[in-house]
Amino acid sequence: MSYWETKIKIGNLEYPRFIGGPLDGITDSPFRKLVREFSTEELLYTEMRHVACISNPTGGKKALNFEQMERALNYQVAANSTNFIELACEKILAAGVDIVDLNIGCPAKNVVGSGSGSALMADLPRLEQIVRLFRTCLPIPFTVKIRAGFKCQNAVDVAKLLEQCGVDAIAIHPRLQTQRFEGRPDYAYAAQVKQAIKIPVIISGGVVNWATAKMVYEQTGVDGYLIARGMWAKPWKLLELREHSQGRPYEISTSMILQSALKHLDYMLAYYGSHGLYNFRKHLPFYIKGMPEAAGIRERLVVAQSEQEVKDGLILFLTESPALKASSFQL
């Protein structure tokens with residue numbers, strides 16, 4: 001079998017090489033449920049939650065509000081000290097997940113300001129204490145998501161430390177914290193990280209289709225691909241990537257896009273209640289992005305005040321537009 005037909009092994013578990021990554025406010029439980037209608041085997045990450053939030057009697061209940069059908073699930077956490085880690089792990093394990101991931105790559109100002117996220121890459125003694133405690137608390141695979149570094153590149157040293165601490169795999173976004181999501185990811189540096197350790201390395205950033213995945217593999221030799229922004233309003237993306245990587249065509253029709261958007265809205269309403277419509281607004285433009293006449297319908301539907309108005313507008317747009325009526329999209 002070719003590389004693309006085999007799976008990535010994380011601890012004692014195996015998954016297809018394309019993985020659904022975390023994107024705050026986007027890859028939530030309703031979206032993951034929708035992804036499962038296309039991809040049943042692929043590993044999905046949750047959104048990041050701080051261990052203090054998970055440990056909180058009230059906040060923890062909300063942070064762990066997902067369905068078992070969303071598994072295989074990698075539950076992503078943040079931490080800035082060893083406080084709350086043991087209780088958080090206990091609650092996560094009780095909720096039922098397959099892997100736990102520590103995010104030390106998040107560049108957000110409020111996260112870094114608290115000493116979490118990529119700030120930990122600049123404090124290796126504190127990072128080691130945190131990682132070793134997680135490893136002690138977790139009888140399931142444990143992964144860590146990193147960046148190229150905080151203010152300067154040190155991911156090679158960080159990756160070696162993580163491997164020594166018993167981490168089962170790492171995901172790297174090869175930009176510095178100061179770069180956030182700007183500029184081209186440094187795949188040459190990601191290749192150095194891959195060569196420095198024996199545990200699997202997953203790439204995060206820049207992979208949006210089969211062509212970019214193939215290019216990144218040729219430059220880095222990584223073991224897996226974390227797809228986050230590339231999945232926004234595209235719950236079929238992991239299936240598309242898997243099919244294309246194995247030489248099979250994959251088409252998405254306007255009817256399938258419509259069905260996905262409508263189901264997504266229903267899942268959002270069921271999960272968030274009255275806030276579901278408001279939360280769906282950030283997804284809606286991406287479902288119709290690039291389609292003829294999208295600008296006008298987007299402007300109208302993002303301010304709609306009722307779910308029925310949004311549903312009717314989507315149905316009218318995707319079924320009655322002359323330019324879209326009989327079309328499908330070769331991805």
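Helix α7 (residues 155-164) packs against helix α8 (residues 187-196) at an angle of about 30°, with the axes 9 Å apart. This is a predicted model: local features need pLDDT of at least 70, side-chain atom pairs count only at pLDDT 80 or more, and totals for chains, interfaces and linings use all residues. Residues are numbered from 1 along each chain as its sequence is written, and side-chain values use heavy atoms, leaving out hydrogens and water.

**Two packed helices**

- Two packed helices are described by the angle between their axes and the distance between the axes.
- The angle of about 30° makes α7 roughly parallel to α8 (roughly parallel means under 35 degrees).
- Axes are lines fitted to C-alpha atoms, for helices over the stretch in contact, and angles run from 0 to 180 degrees between N-to-C directions.
- Helices are DSSP runs of H or I with at least four residues, strands are runs of E with at least two, and both are numbered from the N terminus.
- Ala155, Val156, Ala159, Lys160 and Glu163 in α7 meet Tyr189, Gln192, Val193 and Ala196 in α8 (contact means heavy atoms within 4.5 Å).
- The residues of this contact divide into six nonpolar, one polar and two charged.
- Ala, Val, Leu, Ile, Met, Phe, Trp, Tyr, Cys and Pro count as nonpolar, Asp, Glu, Lys and Arg as charged, and the others, Gly among them, as polar.

**Tyr217**

- Tyr217 sits in helix α9 (residues 210-220).
- Tyr217 is partly exposed, at 28% relative accessible area (buried is under 20%, exposed over 50%, partly exposed in between, with a 1.4 Å probe and protein chains only).
- Leaving aside residues up to four places away in sequence, Tyr217 touches Tyr3, Trp4, Val222 and Tyr225.
- Ile203 is 14 residues from Tyr217 along the chain, and their C-alpha atoms are separated by 9.1 Å.

**Cysteines**

- The whole structure has zero disulfides (a disulfide is a pair of cysteine sulfur atoms within 2.5 Å).
- The closest cysteine sulfur to that of Cys89 is in Cys137, 4.7 Å away, which is too far for a bond.
- Cys89 is buried, with a relative accessible area of 1%.

- Most residues other than glycine have a negative phi, and most peptide bonds are trans.
- A cis peptide bond joins Arg71 and Ala72, with omega about 15°.
- Ala72 lies in the loop between α3 (59-63) and β6 (73-78).
- Phe84 is not a glycine, yet has a positive phi of about 75°.
- Phe84 is in the loop between β6 and α4 (85-95), and is partly exposed at 46% relative accessibility.
- Ala233 is not a glycine either, and has a positive phi of about 60°.
- Ala233 is in the loop between β11 (224-227) and α10 (237-245), and is buried at 1% relative accessibility.

Note on methods:
Parallel < 35°, antiparallel > 145°, perpendicular 65-115°, else oblique.
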